[in-house]
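Take a look at the protein below. Keep the sequence and the model side by side as you read.

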Amino acid sequence: MQQSVFSQFKVPVVQCKFRKKEMPMLECIDSYVNANAMPNRRSACFRCTQGQKTRSQFAGS
């Protein structure tokens, strides 16, 4: 059985406070950006301070 090239890399994971689960960092960023690009006030990610910090850390790296 062949392994994917991406399986070699450890995906950064963040602990989501609002959803109460661990999720990949890129999923957190996608959810945050989507919720704020189209003001989706019902989303847990709308104006999430943790999502904002995660996005700025990712952009700075």
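## About the model

This is a predicted model, in which local features need pLDDT of at least 70 and side-chain atom pairs count only at pLDDT 80 or more, while totals for chains, interfaces and linings use all residues. Residues are numbered from 1 along each chain as its sequence is written, and side-chain values use heavy atoms, with hydrogens and water left out.

## The whole protein

The protein has 2 helices and 2 strands. Both kinds of element are DSSP runs, numbered from the N terminus: helices are H or I with at least four residues, strands are E with at least two. Along the sequence, the pattern reads β-β-α-α.

Of the 61 residues, 26% count as buried. Buried means under 20% relative accessible area, exposed means over 50%, and partly exposed lies in between (1.4 Å probe, protein chains only). The protein exposes about 5,400 Å², with 54% supplied by carbon and sulfur atoms. Such areas come from the Shrake-Rupley method with a 1.4 Å probe; for residues, only the protein chains shown count as cover.

## The two strands

Strand E1 covers residues 13–16. Strand E2 covers residues 21–24. The two pair in the antiparallel sense over 4 bridges. To pair, two strands need at least two bridges found by DSSP. Cys 16 stands opposite Lys 21 in E2.

Side chains alternate along E1. Val 14 and Cys 16 point to one face and are buried. The hairpin has 4 residues between its strands, and Lys 20 takes a positive phi near 55°.

## Helix H1

Helix H1 spans residues 25–37. Its buried residues are Met 25, Cys 28, Ile 29, Ser 31, Tyr 32 and Ala 35. Seen down the axis of H1, they fall within an arc of 165°, so they line one face of the helix. That arc is taken over the directions from the helix axis to the C-beta atoms. The buried residues of H1 pack against E1, E2 and helix H2 (49–60). On the face turned away from this buried side, H1 carries the exposed residues Asn 34 and Ala 37.

## A closer look at Ser 31

Why does Ser 31 count as buried? Ser 31 counts as buried because its relative accessibility is 17%. Leaving aside residues up to four places away in sequence, Ser 31 touches Arg 19 and Cys 45. A contact here means heavy atoms within 4.5 Å.
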